[in-house]
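Q: Could you go through a structure with me in plain terms? I would like to ask about its parts as we go.

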Amino acid sequence: MKKHRIYTMAFAGVYPHYITKAEKKGRTKAEVDEIICWLTGYDHQSLQKQIDQKTDFENFFEQAPQLNPNVSKITGVICGYRVEEIEDELMQKIRYMDKLIDELAKGKAMEKILRK
């Protein structure tokens, strides 16, 4: 089965778009980083290392220290799909991140985004 194109894309290539999307709505790079670290278990130093190495999405999530145990609380529609119903595990993780960044850009409070 052919891999989806996004799996082989460098996370570093998409990351600036996450920041731009957030900053256009008055949010910060630090908030984007906090969300990504919360989701994946990376700390800021290891996240930067993944960016510097231009790691693709597949390896970015494969090497993630630990997916947050509260990811099951991330629900809703992103790109026309309900994130909780996406069967492909890697695609679901990518869409979780997209959903969280969308919530940030829509002005949601960090406590709600991080499912506290």
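**A first look at the fold**

Q: How much of the contact total comes from residues 24 or more positions apart?
A: Such residues make up 63% of the contacts with a separation of 6 or more in the protein chain, a contact being heavy atoms within 4.5 Å.

Q: What kind of model is it?
A: The model is predicted, with local features needing pLDDT of at least 70 and side-chain atom pairs pLDDT 80 or more, while totals for chains, interfaces and linings use all residues. Numbering starts from 1 along each chain as its sequence is written, and side-chain values use heavy atoms, with hydrogens and water left out.

Q: How many helices and strands are there?
A: The protein chain has six helices and two strands, in the order α-α-α-α-β-β-α-α from the N terminus. These are DSSP runs: H or I of at least four residues for helices, E of at least two for strands.

Q: And how far does the chain extend?
A: Its C-alpha trace spans about 40 × 30 × 25 Å along the principal axes.

Q: What percentage of residues is buried?
A: Of the 116 residues, 48% are buried, meaning under 20% relative accessible area, with exposed over 50% and partly exposed in between (1.4 Å probe, protein chains only).

Q: Is Cys 37 buried or exposed?
A: Cys 37 is buried, at a relative accessible area of 11%.

Q: What about Cys 79, buried or exposed?
A: Cys 79 is exposed, at 51%.

Q: How many disulfides does the structure hold?
A: The structure holds zero disulfides, a disulfide being a pair of cysteine sulfur atoms within 2.5 Å.
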